[in-house]
Structures are given as C-alpha cells and as structure tokens.
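These are my notes from going through one structure for the first time. I wrote down what I looked up, in the order I looked it up.

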Amino acid sequence: MTAPLLDITGDVCPMTFVKVKMGLQRIVPPGKLNVRLKEEALKNVISSLKTEGHRVTNVSREGTIFLLEVENSPGAIK
C-alpha cells in the first residue's frame with residue numbers, strides 16, 4: 001500500500017508541523033506518511049517529529065523541494 005502524500009510546500013512554520021501532525025493522526029500506527037516541504041521547514045519539522053516519537057525513515061530532494069517519509073510510531077505523543 002502506498003503511503004499518503006501531504007504537500008505543505010505552500011505553508012510556513014508553525015503550520016507546517018501542525019499539518020504534518022494532523023496527517024499522522026489519520027494513519028494507524030505504524031503507518032507511513034510522505035510529506036513534501038520546503039527547505040525552510042525541513043529542520044523544524046524533522047526535529048518536532050523526533051521529539052514526539054515519530055521516525056523519519058527517508059529524506060530525499062527534488063530541486064528545491066524535500067520529500068520526507070515519516071513513520072507514525074505507536075508510542076508517539078498525540
């Protein structure tokens with residue numbers, strides 16, 4: 001099954017992480033979510049995901065856009 005894609009390239013912090021968190025809440029752990037975002041949001045989103053117990057399993061770059069693969073961990077903070 002393909003992980004859903006969340007595009008937050010048009011958003012700015014703190015809404016970037018808020019939208020990722022909402023996207024992860026719709027996925028049954030240990031499901032995955034793909035997130036497209038700009039470099040400006042990359043560090044903060046990854047840091048916030050790790051703080052809440054989620055796992056970033058892959059980071060790739062498509063020009064100026066980054067793609068994160070995030071695993072919604074069962075023990076993550078809700």
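Predicted model: local features only at pLDDT ≥ 70, side-chain atom pairs only at ≥ 80, totals over all residues.

**Entry 1. The two helices.** Helix α1 covers residues 15-25 and helix α2 covers residues 39-51. I found their axes 9 Å apart, at an angle of about 45 degrees. That angle makes α1 oblique to α2, because angles from 65 to 115 degrees would count as roughly perpendicular and those under 35 as roughly parallel. I also looked up the hand of the crossing of α1 and α2, and it is right-handed.

Next I listed the residues at this contact. From α1 I noted T16, F17, V20 and L24. On the α2 side they meet A41, V45, S48 and L49. I then sorted the residues of the contact by kind: six are nonpolar, two are polar and none is charged.

**Entry 2. The core.** How many residues does the largest nonpolar core have? I wrote down 18. Those with the most contacts inside this core are V20, V35, L37, V45, L49 and L68. I then checked which elements supply the core. At least two residues come from each of α1, β2 (32-38), α2 and β4 (65-71). Helix α2 gives the most, with five residues.

Setting aside residues up to four places away in sequence, L49 touches F17, V20, L24, H54, V56, L68 and V70. H54 was on that list, and I looked at H54 next.

**Entry 3. H54.** I located H54 in the loop between α2 and β3 (55-62). Is H54 buried or exposed? Its relative accessibility is 9%, so H54 counts as buried, the cut-off for buried being under 20%. Not counting residues up to four places away in sequence, H54 touches L24, L49, V70, E71, N72, S73, A76 and I77.

Entry 4. I looked up two cis peptide bonds. One joins C13 and P14, with omega about 5 degrees. P14 is in the loop between β1 (5-7) and α1. Another joins P29 and P30, and there omega is about 0 degrees. I placed P30 in the loop between α1 and β2.

What does P74 contact, leaving aside its neighbours within four places in sequence? I found P29 and P30, the pair joined by a cis peptide bond. P74 is in the segment after β4. The C-alpha atoms of P74 and P29 are 5.0 Å apart, although the two residues are 45 apart along the chain. P74 has a relative accessible area of 60% and is therefore exposed, as the cut-off for exposed is over 50%.

Entry 5. L5 is in strand β1. Its relative accessibility is 55%, so L5 counts as exposed. Apart from neighbours within four places in sequence, L5 is in contact with N34, V35, R36 and L67. V35 I had already noted in the core. The C-alpha atoms of L5 and L33 are 6.2 Å apart, and the two residues are 28 apart in sequence.

Where is R61? I found R61 in strand β3. At 52% relative accessibility, R61 also counts as exposed. R61 touches E39 and F66, again not counting residues up to four places away in sequence. From R61 to L37 I noted 9.7 Å, C-alpha to C-alpha, for two residues that are 24 apart in sequence.

Terms used. Residues numbered from 1 in each chain as written. Heavy atoms only, no water. Axes fitted to C-alpha atoms, helices over the stretch in contact; angles between N-to-C directions. Helix = DSSP H or I, 4+ residues; strand = E, 2+ residues; numbered from the N terminus. Parallel < 35°, antiparallel > 145°, perpendicular 65-115°, else oblique. Left-handed = near helix turned anticlockwise from the far one by under 90°. Contact = heavy atoms within 4.5 Å. Nonpolar A, V, L, I, M, F, W, Y, C, P; charged D, E, K, R; others polar. Core = buried A, V, L, I, M, F, W, Y, C linked by side-chain atoms within 4.5 Å. Buried < 20%, exposed > 50% of the residue type's maximum accessible area, 1.4 Å probe, protein only.
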